[in-house]
Amino acid sequence: MEKKNLDWKSLSFGYVKTDYRFVAHYKNGSWDEGKITEDANVTMSECAGVIQYAQTCFEGLKAYETKDGRIVTFRPDLNAERMINSARRLMMPEVSKQMFLKAIDEVVKANAAWVPPYGTGATLYLRPCLFGCGPVIGVAPAPEYEFRVFATPVGPYFKGGIKPIRLLLSQYDRAAPHGTGDIKAGLNYAMSLYAGHVAHEKGYSENMYLDAATRTNVEETGGANFLFVTKDGTVVTPKSNTILPSITRRSLVYIAEHILGLKVEERVVPFEEVKEFSEAALCGTAAVISPVCAIDYEGGTINIPSGDKEMGPVTKKLRETIVGIQEGEIEAPEGWIREIC
Ligand code: PLP
Ligand code: COI
C-alpha cells in the first residue's frame with residue numbers, strides 16, 4: 001500500500017487531517033452502529049453538554065508500523081477500560097470495549113496510508129473522544145452523545161525529541177482530592193492551560209504538579225506520569241488517587257520488573273526526595289519516555305544527575321524496550337499487541 005507523501009521525520013505533535021474517522025451517536029438510550037466517514041467536522045446544538053458544561057472525555061493511543069510491515073496498536077483494551085471509567089464519572093453512556101476496539105481497528109485500517117513508516121520515529125496518534133452533543137440548559141447530563149475516533153500522524157511530543165527537558169514546579173494544582181484527576185476528562189486539560197502557558201513563557205517544557213491537599217508530594221505533569229530512578233537503580237513512581245493511571249507507566253513498571261529485572265516501588269514520592277534521584281522521566285503515550293534534566297521551584301533548582309545532554313541508562317533501557325515491543329522487535333507480553341493489518 002502506498003504511503004502518503006509526508007516528511008515523516010519532521011513531523012511534530014500536531015493535527016494533520018487524515019482521510020477517515022469513525023463516528024457513532026447515542027440517542028434514546030442506545031448507540032447506533034457507527035460508521036467510517038470523511039467528514040472531519042462536528043455539527044451540534046449550541047446548547048450541547050460539551051459546550052456548556054465540558055461534558056467530554058478522550059483517550060490517546062498510537063498505531064505503529066513494525067519492522068516486518070505489520071500495523072499494530074499497543075494495549076488498546078486498557079484505553080477502552082479507562083474511557084468507560086471516564087464516561088461513568090462524567091455521566092456519559094459507556095462505549096463498550098468491543099465497540100471501542102472495532103472503531104480503532106476501522107480507523108487505522110482506513111488510514112493505513114497515514115501510518116508513518118517503520119524507522120521514522122513517527123506514529124499514527126489515535127484520538128477517541130466522547131462528548132455530550134444534545135442540548136442541556138440546567139446542569140444535567142446531555143440527552144445525546146457522539147463517540148468519534150480520528151487519527152493524525154505525529155512526531156515527538158516535546159520539541160527536540162528526546163533531549164532532556166526542564167520542568168517548573170507549578171504554583172497551580174491539577175487535581176483536587178476526590179476530584180477528576182484519575183479520569184481523562186477534557187476539563188482537566190482546560191484548567192491546565194493557564195499553568196502551561198506560565199511555564200512555557202518562562203522557557204519550561206512542562207509543569208510538575210504536587211498533590212493539591214498537602215503540596216508536598218509529586219503527582220504528575222499536565223500530560224504524563226513520572227518515573228524516577230534511585231542511585232541504586234530502583235525505579236520509583238508516584239502512587240496517588242488523583243493522577244491518571246497511565247498505560248505507558250503501568251507497562252514500564254511491568255517491563256522494569258519482569259523483563260529488565262529491576263526493583264520497582266510504587267509509592268508516595270515527597271518532592272523533598274526528588275533531589276536524591278539519579279534519573280527522572282515523564283511517561284505517556286505522547287511523551288513515550290522523555291528524560292527530565294532539571295526542575296525549578298521557588299527558591300532553587302534540582303539538577304538531575306543524568307544531565308541535560310542524554311537520558312540516563314535506566315531510562316534509556318526502558319525506552320528501548322517499550323519501543324522495541326511496540327515496533328515488533330522485542331517479544332511482547334501476552335495480549336499487549338493488537339495486530340490490525
Ligand atoms: N497523565 C496525563 C494527565 C495524561 O494526559 C496522560 C496521557 O494520556 C498520561 C498521564 C499518560 O497516560 P498514557 O500512558 O495512558 O498515555
Ligand atoms: C497522550 O499521551 O495520549 C495524551 O493524551 C497526552 C495529551 C495531553 C497530549
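Modeller: Start with patches. A patch is made of residues with over 30% relative accessible area and no salt bridge; like charges are joined within 9 Å, and nonpolar side chains (Val, Leu, Ile, Met, Phe, Trp, Tyr) within 5 Å. A salt bridge is a side-chain nitrogen of Lys or Arg within 4 Å of a carboxyl oxygen of Asp or Glu. Accessible areas come from the Shrake-Rupley method with a 1.4 Å probe, and for residues only the protein chains shown count as cover.
This is a predicted model: local features need pLDDT of at least 70, side-chain atom pairs need 80 or more, and totals for chains, interfaces and linings use all residues. Residues are numbered from 1 along each chain as written, chains are lettered from A and ligands numbered from 1 in written order, and side-chain values use heavy atoms, without hydrogens and water.

Biologist: Which residues make the nonpolar surface patch?

Modeller: Val-42, Met-44 and Ile-51 make it, with about 230 Å². Ile-51 belongs to helix H1, residues 49-53. Helices (H or I, at least four residues) and strands (E, at least two) are DSSP runs, numbered from the N terminus.

Biologist: In which sense do strands E12 and E13 pair?

Modeller: Two strands pair if DSSP finds at least two bridges between them. E12 (residues 235-238) and E13 (residues 264-267) have four bridges, in the parallel sense. Helix H6 (residues 247-259) carries the chain from E12 to E13, in a right-handed β-α-β crossover. Right-handed means that, with the strands pointing away from the viewer, the path from the first strand over the helix to the second runs clockwise. Val-235 faces Val-264 of E13.

Biologist: And how many residues lie between E15 and E16 in their hairpin?

Modeller: Two residues lie between them, and Gly-299 in the turn has a positive phi of about 105°. E15 (residues 288-297) and E16 (residues 300-303) pair in the antiparallel sense over four bridges. Ile-295 has Ile-302 as its bridge partner in E16.

Biologist: Which side chain has an N or O atom 2.5 Å from a nitrogen atom of ligand 1?

Modeller: A polar contact is a pair of N or O atoms within 3.5 Å. Here the side chain is that of Glu-220. Arg-82 has a side-chain N or O atom 2.8 Å from an oxygen atom of ligand 1. The protein buries 96% of the 380 Å² that ligand 1 exposes when taken alone.

Biologist: What about ligand 2?

Modeller: The side chain of Tyr-125 has an N or O atom 2.6 Å from an oxygen atom of ligand 2. A polar backbone atom of Ala-286 is 2.8 Å from an oxygen atom of ligand 2. Alone, ligand 2 exposes 280 Å², and the protein buries 89% of that.

Conventions
A polar contact is a pair of N or O atoms within 3.5 Å; within protein, one must be able to donate a hydrogen and the other to accept it, and residues adjacent in sequence count only if both atoms are side-chain atoms.
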